[in-house]
Amino acid sequence: DRALSWGKKEGMKRGILRRRILWTLLMMLIYIMGRNIPIPFVVHETREMSMGFRTFLGDILGGIQAKQTLFTLSIMPWMTASIVVQILQSVADPEGRRTSQRRTQLMAGWLSQGIALFSSISSIQSMKFEQGGEYLYPGLAILALMAGSNFVIWLSYKNKEYGVGGMSFVVLINLIDSLRSTYGRFILYWWNESGALRFVLIVFGVALICVGIILWTLCAEMAEVRYPINHVMIHNENASRDYLAIKFEPVGTMPLMYCMSFYVLPLMILQLLSKVSPNNLWILRLTQYFNLEKVAGILCFMLVLLFTSISLSFVMLDTEKLSKGLQKSGDYLTGYRPGTETKKALKTTVFRLSFISGLMMALLSGLPLLARNFIESSMQLGLPQDIFRLPMSLMILVGVFRQLLEEVKMLNVFDRYRKED
């Protein structure tokens, strides 16, 4: 018994953080292996990857479309379903009283299966199958894609339970791989198209821009507006130091992730409809608003991103609940009366911060795409398209890293308390 108790104590001293990191590394290894498992009965041709917006979304949220692997769909169906369910619930039940978390997950689960089925059907349109199974092989490919997506979602939930970051490890792997290939293609292009000095200057300039975007995203994530709180019922020296903090980016880079996830479904629907009815003018016009290679699509994306930033901030930061909580506890913000005046001040602050941060996010995402459109239409240099989407990838990458670091810090503090006990 003494030996067993000593072993448990030693296991606790090793820390929960180390065990969770090791579990996450195992999940990452499994996911990387699954990304390289080909779909059965598909002829895998070596071809150059298309750099359209759907491929870019696939690189971040759902594997690599050009490789046609088992994990092509990845977490995309679940993320899209979760966003749709959250939007419907916020409209039908703003206070969140009538819907339990279990029911929400069930609704999102069933909807994700429908999206996975639809996405699988859309994905097999570009696949070439082996001879001898006209309907059987496409059907098996659909089942393989859906099974791969469900397996990745299961891995993510296990990582959330036993590891660090939940679904973040999937996005992180996809992003790092996408950035590696993007910068590699960019360097290869300018190496072949320019002299040594010009090549060094261009690559160094792009690297500086990337560092600037990373620093801006970090500063925006860490900056906050602080409202001093007066505690009526507490009388000590620490009471005057308490404050209510609202981040400059109230919800971080989540609007960019949500906006990109929400774009996937209508884009796939329009692409399928265009194949069924290729000469339909309405479908062609609507497709332009989801095409980030067209000016209309870029401007539409920027507006949707700004709207998502504002609406998501108000969903995540319930100003009415905050003001009521302060009023019930007998506390108030310095310079504001409890109740309506406090709620109005918080709403104004959240709106201003979400608008400014959302506008900056939209400009950093959209202006490079508009610049690329102008350069190609006037100069026709044949620049790699994906380099102009680099700011979006970097902002998401910084946001994911920040979330992981915050969770690691929290687990590290928890480890310290366990060791002291």
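In what sense do S1 and S2 pair, and over how many bridges? The two strands pair in the antiparallel sense, over five bridges. Please keep in mind that this is a predicted model, in which local features need pLDDT of at least 70, side-chain atom pairs count only at pLDDT 80 or more, and totals for chains, interfaces and linings use all residues. Residues are numbered from 1 along each chain as its sequence is written, and side-chain values use heavy atoms, with hydrogens and water left out.

**The chain as a whole**

- The secondary structure of the protein chain comes to 14 helices and three strands; helices (H or I, at least four residues) and strands (E, at least two) are DSSP runs, numbered from the N terminus.
- Of the 421 residues of the protein chain, 44% count as buried; buried means under 20% relative accessible area, exposed over 50%, and partly exposed in between, with a 1.4 Å probe and protein chains only.
- Among contacts in the protein chain with a separation of 6 or more, 74% come from residues 24 or more positions apart, where a contact means heavy atoms within 4.5 Å.

**The sheet**

- Three strands form an open sheet in the order S2-S1-S3, and the pairing is antiparallel; two strands pair if DSSP finds at least two bridges between them.
- The edge strands are S2 (243-247) and S3 (331-333), each of which pairs on one side only.
- From one strand to the next, the twist averages 30°, taken between axes that are lines fitted to C-alpha atoms (for helices over the stretch in contact), with angles that run from 0 to 180 degrees between N-to-C directions.
- Strand S1 (residues 224-231) is joined to S3 by three bridges, and these two strands run antiparallel.
- Two places to look along S3 are aspartate 331, opposite histidine 231, and tyrosine 332, opposite asparagine 230.
- On the S2 side, tyrosine 243 is the bridge partner of proline 228.
- As background, strands of a sheet pair through backbone hydrogen bonds, either parallel or antiparallel.

**The nonpolar cores**

- The largest nonpolar core has 58 residues, and those with the most contacts inside it are Leu256, Phe301 and Ile396; such a core is a set of buried Ala, Val, Leu, Ile, Met, Phe, Trp, Tyr and Cys residues joined through side-chain atoms within 4.5 Å.
- Helix H7 (residues 168-193) gives the most to this core, with ten residues.
- Leaving aside residues up to four places away in sequence, leucine 256 touches Phe301, Leu305, Met361, Ser365, Met392, Met395 and Ile396.
- A second, separate core of 16 residues includes Ile124, Phe129, Leu145 and Met268.

**Helix H12 and its ends**

- Within H12 (residues 319-329), Thr319, Ser323 and Leu326 are buried.
- These residues lie on the same side of H12, because they cover an arc of only 60° around the axis; the arc is that of the directions from the helix axis to the C-beta atoms.
- Lys321 and Lys328 are exposed on the other side of H12.
- At the start of H12, a side-chain oxygen of aspartate 318 comes to within 3.3 Å of the backbone nitrogen of glutamate 320.
- Just after H12, glycine 330 takes a positive phi of about 80°.

- Glutamate 221 lies in helix H8 (residues 196-222), and it counts as buried because its relative accessibility is 6%.
- Not counting residues up to four places away in sequence, glutamate 221 touches Lys247, Glu249, Gly252, Thr253, Gly399 and Arg402.
- Serine 156 lies in helix H6 (residues 136-162), and its 1% relative accessibility is why serine 156 counts as buried.

- Most residues other than glycine have a negative phi, and most peptide bonds are trans.
- Phenylalanine 41 is not a glycine, although it has a positive phi of about 65°.
- Phenylalanine 41 sits in the loop between helix H2 (16-34) and helix H3 (53-61), and it counts as partly exposed because its relative accessibility is 31%.
- Serine 74, another residue other than glycine, has a positive phi near 55°.
- The loop between H3 and helix H4 (76-92) holds serine 74, which counts as buried because its relative accessibility is 0%.

Notes: A polar contact is a pair of N or O atoms within 3.5 Å; within protein, one must be able to donate a hydrogen and the other to accept it, and residues adjacent in sequence count only if both atoms are side-chain atoms.
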